[in-house]
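Hi,

Here is the structure I promised to pass on.

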Amino acid sequence: MSSKPSSLFIIWVLIERDLRTLVKSPWILINRTVFFLIQLFVFAFLITKLASSLGFNYFAFYSVGAVVSTITSIAFIIGEDLFEEEEMGLLDYLLSLPFGHTLFVIGRALGGAVRGLIYVTPMMILVAYLDGYFSVVGVAGSLLVIFVLATGISGLSITLAMLIRNANRFDIMIALAELATVRVSAAIYPLVYMPKVLQPLATYSPVTSASDIVRAIFLPGYASEPYETVVLVLFVLIFFGLGSAFLFRKLEGGKFE
Amino acid sequence: MSKASAVMERDFRIFFADKYMLMIMFANFMIDLGVSGLSLGAMIRNLGFSYFLYIAPGANLITATVASFQSGRDVWRERVIQDTQQYLLTLPVRKNVFALSRLFSGMLRTVLTVLPGTVVIAVLYGLSFQYFLVGLGIMFIYSGAVAGLSVAAASLANSLELFATVRSTVQVYLSFFSTQFYPSSILPPEVAAVSAFNPMTWAVQSFRALQAGTVDLALLAPLGGLSAALLAVGFLMYRRTMNY
C-alpha cells in the first residue's frame with residue numbers, strides 16, 4: 001500500500017505544472033516584456049517630459065510601479081487558466097485528485113506567483129540598473145516583496161474565476177479587477193495627486209504597499225510604513241481563504257454558463 | 001436583411017447575456033477617467049490646457065477597444081472552444097452576409113457600450129447634441145477598426161494564449177503609440193510615424209476637435225480609411241476560416 005504524498009510535494013507538483021505552462025507560453029512572455037519596455041521607454045519617458053515641473057523624478061517613480069503593475073497583471077493570468085480549465089471540463093478532473101482544495105488553491109496561487117516572478121526578475125534588474133541601485137540583497141528583497149503581492153493577486157484571480165460563470169463577464173471582470181488594483185494605488189502616480197475620495201482606499205491597497213516598499217529599497221528619499229507589510233500579508237491570507245471557499249462551492253456543484 | 005438582423009440580434013444576446021455588462025464596462029471607463037485621468041491631470045499642469053480634458057476621450061476609446069475586441073472573442077470561442085462555427089455555417093445565411101453581420105454587430109454593440117461614456121465626455125466638453133452624435137459616429141468608425149483587427153486575430157489564433165497576446169499587443173499599440181496621452185509634437189520621429197497608422201490617433205484627435213467646435217474631415221478621413229482597411233482584413237480572414 002503506497003503512502004500518502006506530503007502536502008509540500010503536492011504543492012510542488014501544482015507549481016511545477018503551472019511552470020510548464022510558462023514554458024509552453026512564449027507569446028505571453030514576449031508580449032509582457034515588450035509591453036513593459038514600451039511602458040517604460042515610451043509612456044514613462046514622454047509623461048516625464050510633460051510632467052517636467054514636478055519636484056521629483058517621475059521616470060524613477062514610474063519604473064518601480066511598472067514592475068509592480070506588470071507582476072500584478074501576470075498574476076491575474078492564473079485565474080484565466082483556471083477559468084479555461086473549468087470551461088473545458090478539466091477543472092472537475094483536477095478537483096477529483098486526492099488532495100484538499102486548500103492545497104489546490106495554495107499550489108495554484110504559488111504557481112501563479114512563481115511564474116510571475118520568473119517573468120519580472122529581468123525587469124526588476126533592469127529597473128534597479130536604471131535607478132542606479134546595485135545591491136544584490138536589496139534586489140532579492142524587492143523580488144520577495146513582489147512575490148508576496150503576486151501570491152495574493154493569484155488568490156484574488158482564482159476567487160474571481162470560481163465566482164463568475166459567464167465567459168464574457170469573466171473577461172471583463174478580470175480586466176476591471178486588474179485596472180482597479182493597479183490604478184487605485186500608488187503604482188503609477190503618487191497618492192497625493194489622486195482624487196481625495198480614493199486616497200484612503202489606495203493607501204491600504206496591497207499594490208501601494210508593494211510599490212512603496214520597493215521604492216524605499218531602490219530610491220533615495222522614499223520610505224515605507226510598517227503597516228504596509230501587514231497589508232500585504234493580510235491580502236494574501238484573505239484571498240487564500242476566499243479562493244478555497246469558492247473552490248469548495250465548486251466541488252459542491254454549480255451551473256457553468 | 002432579416003437574416004443579417006437575426007445574426008446581429010444573436011450577437012447582441014450573447015454580449016448582453018450578462019445584465020451587468022454595461023455597468024462593468026462603464027466602471028472600467030470611470031476608473032480610467034476618474035482615477036488615472038484625474039491623477040495624471042493633477043500631476044501635469046504646465047501645458048497651458050487641461051491635461052485631464054485632453055486625455056478624457058482616450059478613456060472612452062479604450063472602453064470601445066475592449067468592447068470591440070469581444071467580437072473577435074466570440075468568433076474565436078465558436079471556432080476553437082465551442083466548435084459551433086460549422087453548425088453556424090449550415091444556417092440559411094450567405095457566408096458573406098454572416099461575416100459582415102458579425103463585424104457590423106460588433107460595431108453597434110460597441111457604440112451601445114460606450115454610450116454612457118460618450119455622454120460623460122460630451123458633458124465635460126460642453127458639446128451640442130449634434131456634436132454628441134458626431135462623437136458617437138467617431139466611436140462607431142473607430143470600433144470598426146478594432147472589430148476588424150479582433151476578428152482577424154480570432155481567425156488566425158488557435159490558442160487562447162495567442163489570441164490574448166494579440167489582444168494585449170493591439171491595446172498597447174493603440175494606447176501608447178498614438179496621441180492618446182501625449183501631443184504629437186513631443187513624440188520621437190519613429191513613434192510619430194507609427195502613430196499616423198493608428199486609428200486611436202485619428203479618433204482621439206477628431207474627438208478633441210469637437211471640443212474646439214469643429215468636425216475636422218481631415219482627421220475623420222484617415223480614421224475612416226484605416227477602419228475600412230482593417231474591417232476588410234477582418235472580413236477576409238474570417239471568410240477564409242469558412243472555406244473547407
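**Where the chains meet**

In this predicted model, 35 residues of chain A are in contact with 38 residues of chain B (two residues are in contact if their C-beta atoms, placed from the backbone, lie within 7 Å). On the chain A side, α2 (26–50), α4 (77–87) and α8 (167–183) each supply at least two of the touching residues. Helices here are DSSP runs of H or I with at least four residues, strands are E runs of at least two, and both are numbered from the N terminus. That side of chain A splits into 24 nonpolar, 5 polar and 6 charged residues. Nonpolar covers Ala, Val, Leu, Ile, Met, Phe, Trp, Tyr, Cys and Pro; charged is Asp, Glu, Lys and Arg; the others, Gly among them, are polar.

**Housekeeping**

Residues are numbered from 1 along each chain as its sequence is written, with chains lettered from A and ligands numbered from 1 in the order in which they are written. As the model is predicted, local features need pLDDT of at least 70 and side-chain atom pairs count only at pLDDT 80 or more, while totals for chains, interfaces and linings use all residues.

**Chain B**

Chain B has 10 helices and 0 strands. Its C-alpha trace spans about 60 × 40 × 30 Å along the principal axes. Buried residues account for 48% of its 244 residues; buried means that 20 or more other C-beta atoms, all placed from the backbone, lie within 10 Å of the residue's own, against 12 or fewer for exposed and in between for partly exposed.

Leaving aside residues up to four places away in sequence, Ile146(A) touches Val67(A), Val68(A), Ile71(A), Val120(A), Ala210(A) and Val214(A).

**A kinked helix**

Look at α2(B) too: there is a kink of about 30 degrees centred on Gly37(B), the bend at a residue being the angle between axes fitted to the seven residues ending there and the seven starting there. Gly37(B) is also buried, as are others in α2(B), including Met21(B), Phe29(B) and Leu40(B). The cover over the buried residues of α2(B) includes α8 of chain A, along with α1 (2–15), α3 and α5 (95–125) of chain B.

Cheers
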